[in-house]
Amino acid sequence: MPPLLLSCLAYLTLALPSSALGLLWPSMQLSFHAPVGALGVMLIFGTTASVISSAATGRILSRVTAGPLLPLGTLLIALALGIESAAPSLWVFTAGTMVFGSGFGAIDSALNAHAASHFGARDVNWMHASFGLGSAVGPLLVTVLLSDGLGWRRTYGIMGAGLAALAVVFLLSRRSWPPPSRPTTSPGPAPANDAPRQPRLPPVVLATLLFTAVECGIEAAAGIWGYVFLTSGRALSPAAAGVAVAAYWAMMFVGRAVLGPVAERAGPTRVLSAAVAGIALGAVVMSVPGPGFVAVTGLMTVGLAAAPVFPLLTVTTAQRAGPATSAPTTQTTRTVSLQVAASTAGSAALPAVLGLAIGALHAGVLAPALLVLSLVMWALYALLSRSTRSPGQESLTRTRTPRSLRS
């Protein structure tokens, strides 16, 4: 089975339990006699485990491919769902979320690192679009299972069994992945002991991580708080707001499916620049006072523009991975792993902060907050563009990845 198909299958299936927690939490809350806010505390532990796992996977990938990590991570997630389905208390369930985060972080980092070296802009967008498709299917699947009389425990158990079977499929396909690139050594003299060392994280990489955290935070916050913003802030009916939020996630899928091929023809850098500007434009439209459809238009614009940003950032990582070294592929892999960790942290931290702001002030604060964050993101991207621009760079970004490397 080709690595691209395996990557899409992995993201599609991993999105199912990830998108189901919000629907199942009310039933869990009653089972554990926990307050509503306990979900946020629980997710902190899972997010922390995912961030640590993503960062650590970058070092492992210099010696192995995504092949053995994919079944291992999937098995961890299946184990986590089994623990959660039988959890007698909220603390045991929280332990399960940490196991889930560890497995998900390893898979997410491994797949993105492989995509950065072997996939073109179109393929990496399709990979991330698969996660969006799974996020849309997950709530529908859970709704069907719950309507058939299955509780949240049996629902988690069924998903865990399905992922355990998928881990076997990934195990049998582990040899489909190309071997890791070996660093080439230059014949030049070894550096003197007193020579200045290159920083572990060059400033451009730090800026990349900040950019990633802010962009993914905007993307997550718009989806999480969009319903509250449209109903309480713009007086839309619950039904209309629900459809609008569903359309927002659909735009994420459409944007990745459509803009990926565009990026292969026009160049990832050009599409990435337009997408960054589009997020700011959408936030401006959301902030404009007016009828609800204006805010919905802005929300859709944010979703469409944000869709290709992280995939294209992954494709262009090699341009920002720091100065040339004896092992550039290793440096790119580690940078991608740190980007995945930053995206996880940003997706959790910024929505949490904006949630506190909405609770303390008003739901309408979401739009101006997203506008401020989009301007910060724009400034970080301008810094990245100046730091990575080099002669002939655009011609390099427009070169399509050979099909042999994509399969």
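The following dialogue explains several terms applied to this predicted model.

Visitor: Why is T97 called buried?

Guide: T97, which sits in helix α4, has a relative accessible area of 9%.

Visitor: Which residues are in contact with T97, leaving aside its neighbours within four places in sequence?

Guide: T97 is then in contact with M42, G46 and E84. The term contact requires heavy atoms within 4.5 Å.

Visitor: What makes M98 partly exposed?

Guide: M98 also belongs to helix α4. The relative accessible area of M98 is 35%. Buried ends under 20% and exposed begins over 50%; M98 is therefore partly exposed.

Visitor: Which residues form the nonpolar patch on the surface?

Guide: The patch is formed by V41, I44, F45, W91 and M98, and together they have about 530 Å² of accessible area. A patch residue needs over 30% relative accessible area; M98, at 35%, therefore passes that cut-off.

Visitor: Which helices supply at least two residues each to the nonpolar patch?

Guide: They are α2 (38-60) and α4 (90-118). Helix α2 gives the most, with 3 residues.

Visitor: How many aromatic pairs does the structure hold?

Guide: There are 12 aromatic pairs in the structure. One of them joins F93 and Y156, with 6.1 Å centre to centre and 15° between the planes.

Visitor: Why is the pair of F93 and Y156 called stacked?

Guide: Ring centres must lie within 6.5 Å to pair, and planes under 30 degrees apart count as stacked. At 6.1 Å and 15°, F93 and Y156 therefore form a stacked pair. F93 lies in helix α4 and Y156 in helix α6 (residues 152-172), so this pair ties together parts that are 63 residues apart in sequence. F93 and Y156 are both buried.

Visitor: What makes the pair of F104 and F131 edge-to-face?

Guide: The angle between the planes of F104 and F131 is 65°, with 6.1 Å centre to centre. Planes over 60 degrees apart count as edge-to-face, so the name applies to F104 and F131. Because F104 lies in helix α4 and F131 in helix α5 (residues 121-147), the pair ties together parts that are 27 residues apart in sequence. Ring pairs also link F104 and F131 with Y11 and F100 into a cluster.

Visitor: How do you know whether F104 and F131 are buried or partly exposed?

Guide: F104 has a relative accessible area of 13%, under the 20% cut-off, so F104 is buried. F131 has 22%, which lies between 20% and 50%; F131 is therefore partly exposed.

How values were computed
Residues numbered from 1 in each chain as written. Predicted model: local features only at pLDDT ≥ 70, side-chain atom pairs only at ≥ 80, totals over all residues. Heavy atoms only, no water. Patch = residues over 30% accessible without salt bridge, like charges linked within 9 Å, V, L, I, M, F, W, Y side chains within 5 Å. Areas by Shrake-Rupley, 256 points an atom, 1.4 Å probe, with all protein chains shown as cover. Salt bridge = Lys/Arg side-chain N within 4 Å of Asp/Glu carboxyl O. Helix = DSSP H or I, 4+ residues; strand = E, 2+ residues; numbered from the N terminus. Buried < 20%, exposed > 50% of the residue type's maximum accessible area, 1.4 Å probe, protein only. Phe/Tyr/Trp six-rings, centres within 6.5 Å; stacked < 30°, edge-to-face > 60°.
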